[in-house]
Amino acid sequence: TVFEGGGLTQGVVWVSAVPAANIPVSLASSDLSEIEVPESVIVPSGQTSAVFTVTTVDDTLIDGPQTATLTAHVQNWTDGNAAITVLDNESSNLLVTLPASALENAGTLTNAGAVRLSGTLPTNLLVSLLSSDLTAATVPPSVTIPGGQFSAAFSITFVDDLSVDGSQRVTVTASAPGFTDGAASMTVLDDETP
C-alpha cells in the first residue's frame, strides 16, 4: 500500500535461480494513472534480485483506493505479478464558503457562496443546500459541481423584514451522498434601528 503523491518507493524482482548472465526483465503497470515503473530492470549475473523504482502518480481525482498490478516479464518464463493499492490523498469533505456578512436589504448576491471539493470527479455532483434561517437568508435547494471542476457557486437571497431584530447568524449546509457535509456561517445585519 502506498499513498497517492507519496513520491517514490521501491520494488524488487526476484528470480528462482542464480543466472549465469544478466537477465533483462520487462516491467509493466496495469494503471499508469496511479503507478509508473521503468520499462525494464536488469537482474545481474550471480544475483537473484534487482531493485527498481515505483512512482505514485498524484492526480486531482477523488477516486478512493485504486489497485494496480505490476508485472515482471522475461520471454519464455512465468510472469511475476504483484498488486499494489494506492490510497487517495483527496478527501470526500465538502467545503462551503460564504461572505462574512451582508445587510438584510442586500437582495440577491449572485454567486456569493460556493461549494468546493478537494479534488475533481469524472461526473457531475449534485449537492443539496440548506439555510438554517429562512427568515434571514435563502439559498437554492441544490447546486451542481460539474465533472472535472473543483467548485460551484450559488446565490444567496436575503430577506428584508420590518422587524428590529438585530443581527442574525445563518448557517448554510451542503450535503451529497458519499461525502461529509460541509457548513459555513455568516451574519445578516439588520437594517432597522430602534
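Which residues lie nearest the centre of the largest pocket? The views below are of a predicted model, in which local features need pLDDT of at least 70, side-chain atom pairs count only at pLDDT 80 or more, and totals for chains, interfaces and linings use all residues. Residues are numbered from 1 along each chain as its sequence is written, and side-chain values use heavy atoms, without hydrogens and water.

**View 1. The largest pocket and its lining.** Val12, Val13, Trp14, Ala72 and Gly80 lie nearest the centre, within a lining of 25 residues. A pocket is an open set of points on a 1 Å grid over the protein atoms alone where a 1.4 Å probe fits, with protein on both sides within 12 Å along at least five of seven lines; lining residues have an atom within 4 Å of a point. Two or more lining residues come from each of β2 (8-14), β3 (23-29), β6 (49-56), β7 (66-73) and β8 (80-87) (strands are DSSP E runs of at least two residues, numbered from the N terminus). β2 gives the most, six residues.

**View 2. The largest nonpolar core.** Such a core is a set of buried (under 20% relative accessible area, 1.4 Å probe, protein chains only) Ala, Val, Leu, Ile, Met, Phe, Trp, Tyr and Cys residues joined through side-chain atoms within 4.5 Å. Leu94, Val115, Leu125, Val127 and Phe154 touch the most other members among its 28 residues. β15 gives the most to this core, with four residues.

Definitions and conventions. Buried means under 20% relative accessible area, exposed over 50%, partly exposed in between (1.4 Å probe, protein chains only).
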